[in-house]
Amino acid sequence: MFDVIRIPAFKDNYIWLLRKGASAAVVDPGDARPVLEVLDREGLSLTSIFVTHHHADHQGGVSSLLAKHPAEVFGPAAESIHGITRPLHGGETIRAAFCDDEFQVIAVPGHTLGHIAYYGAGCLFCGDTLFAGGCGRLFEGSAAQLADSLARLAALPDETAVYCAHEYTEANLRFALAVEPGNRRLQSRVNDVAVARAKGWATVPSTIGLEKASNPFLRCAEPEVAASARRRVPGADGELAVFAALREWKNGF
Ligand code: ZN
Ligand code: FE
């Protein structure tokens, strides 16, 4: 098992640094500078880089990190990302140089077509697929692809820690409450998150159990969620149509 260190980047990104002894890995280093600062400060050598998808805010720092640390780079084979040494499709079980834990690679197309997630030691690193209280936008894939991808993540154990790549929770939960105002778990989560954000605290990681209880995109079978979706898109029948209606609604919320 490793420690996870949160490195804020840009406006609302989180880069996750995994530390085991004097070795480290990073997930989605969009920017090298804050990562290099932590490596220096903690006296760590970077041996492994995990990339979830090709967007610049997730991989823009890879080249600069490689210039200082000769690390292996895991990433989606289906996307064009500079520096990948371990191309992945999803379905693999991998070991990384920084620790003994195994990671399962999960294909999660939707936000981008090659997007992958990494699950190991009870931790899920899911990039821009599942967010705390929400999900990623559909830039490349279809609603059906993203819904399937989210279902794969929702099937992980409830206690799985969900390390997504952005602090979007407060805005996501405002939308969630518009969709499902009668959900008690959601109401209390909204309060918890408001308190945390007022103090400047991060609201990530979340857990799969909490997401299943309060994230509308994982709750398309719930009658209140489906009814709200149908008020926006009459005729949105079935879980997939509800999901697509929610995703569309959120884009303009
Ligand atoms: Zn992205
Ligand atoms: Fe992003």
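Because the model is predicted, local features are reported only at pLDDT of at least 70 and side-chain atom pairs count only at pLDDT 80 or more, whereas totals for chains, interfaces and linings use all residues. Residues are numbered from 1 along each chain as its sequence is written, chains are lettered from A and ligands numbered from 1 in the order in which they are written, and side-chain values use heavy atoms, with hydrogens and water left out.

Helices (H or I, at least four residues) and strands (E, at least two) are taken as DSSP runs numbered from the N terminus, and two strands are said to pair if DSSP finds at least two bridges between them. On this basis, an open sheet of six strands is found in the order β1-β2-β3-β4-β5-β6, with mixed pairing. Strands β1 and β6 stand at the edges with a single partner strand each, so one side of each is left without a neighbour in the sheet. From one strand to the next, the twist averages 20 degrees, where axes are lines fitted to C-alpha atoms (for helices over the stretch in contact) and angles run from 0 to 180 degrees between N-to-C directions.

Within this sheet, β3 and β4 pair in the parallel sense over five bridges, with S23 standing opposite S45 in β4. Strand β4 (residues 45-50) is in turn joined to β5 by three bridges, the two running parallel, and here S48 stands opposite E72 in β5. The pairing of β5 with β6 (residues 86-88) is likewise parallel and comprises three bridges; the bridge partner of P76 in β6 is L88. Five of the five residues of β5 (residues 72-76) are buried, so this strand is largely enclosed by the rest of the structure; buried denotes under 20% relative accessible area, exposed over 50%, and partly exposed the range in between, computed with a 1.4 Å probe on protein chains only.

Helix α1 contributes the buried residues P34, V35, L36, V38 and L39, which pack against β1, β2, β3, β4 and α3 (62-68). Just after α1, G43 takes a positive phi of about 65 degrees.

A nonpolar core is defined as a set of buried Ala, Val, Leu, Ile, Met, Phe, Trp, Tyr and Cys residues joined through side-chain atoms within 4.5 Å. The largest such core has 52 residues, and those with the most contacts inside it are L18, F50, F103, Y118, L124, F125 and L246. Helix α9 (residues 239-251) gives the most to this core, with five residues. Apart from it lies another core, of 21 residues, among them I7, I15, A71 and I81. With contact meaning heavy atoms within 4.5 Å, and leaving aside neighbours within four places in sequence, the contacts of L18 include F2, V4, V27, F50, F98, F103 and F125.

The iron ion (ligand 2) is coordinated by D57 (OD), H58 (NE2), D128 (OD) and H166 (NE2), at 2.1 to 2.3 Å. Donors are here N, O and S atoms within 2.8 Å of the metal (3.2 Å for Na, K and Ca), and since water is not among the atoms, sites may look incomplete. Along the chain, the donors of the iron ion (ligand 2) follow the spacing D-H-x69-D-x37-H. The angles among the four donor atoms are 85 to 166 degrees, and the site is irregular; four donors count as tetrahedral if all angles lie between 85 and 135 degrees, four count as square planar and six as octahedral if opposite donors are over 155 degrees apart and all others between 65 and 115, and anything else is irregular. D128 bridges the iron ion (ligand 2) and the zinc ion (ligand 1), which lie 3.3 Å apart.

F10, in the loop between β1 (3-9) and β2 (13-20), has a phi near 50 degrees, a positive value in a residue other than glycine. D28 also has a positive phi, of about 55 degrees, although it is not a glycine; D28 lies in the loop between β3 (23-27) and α1 (33-42) and is buried, with a relative accessible area of 4%. A cis peptide bond joins V204 and P205, with omega about 10 degrees, and P205 is placed in the loop between α6 (184-198) and β14 (206-207).
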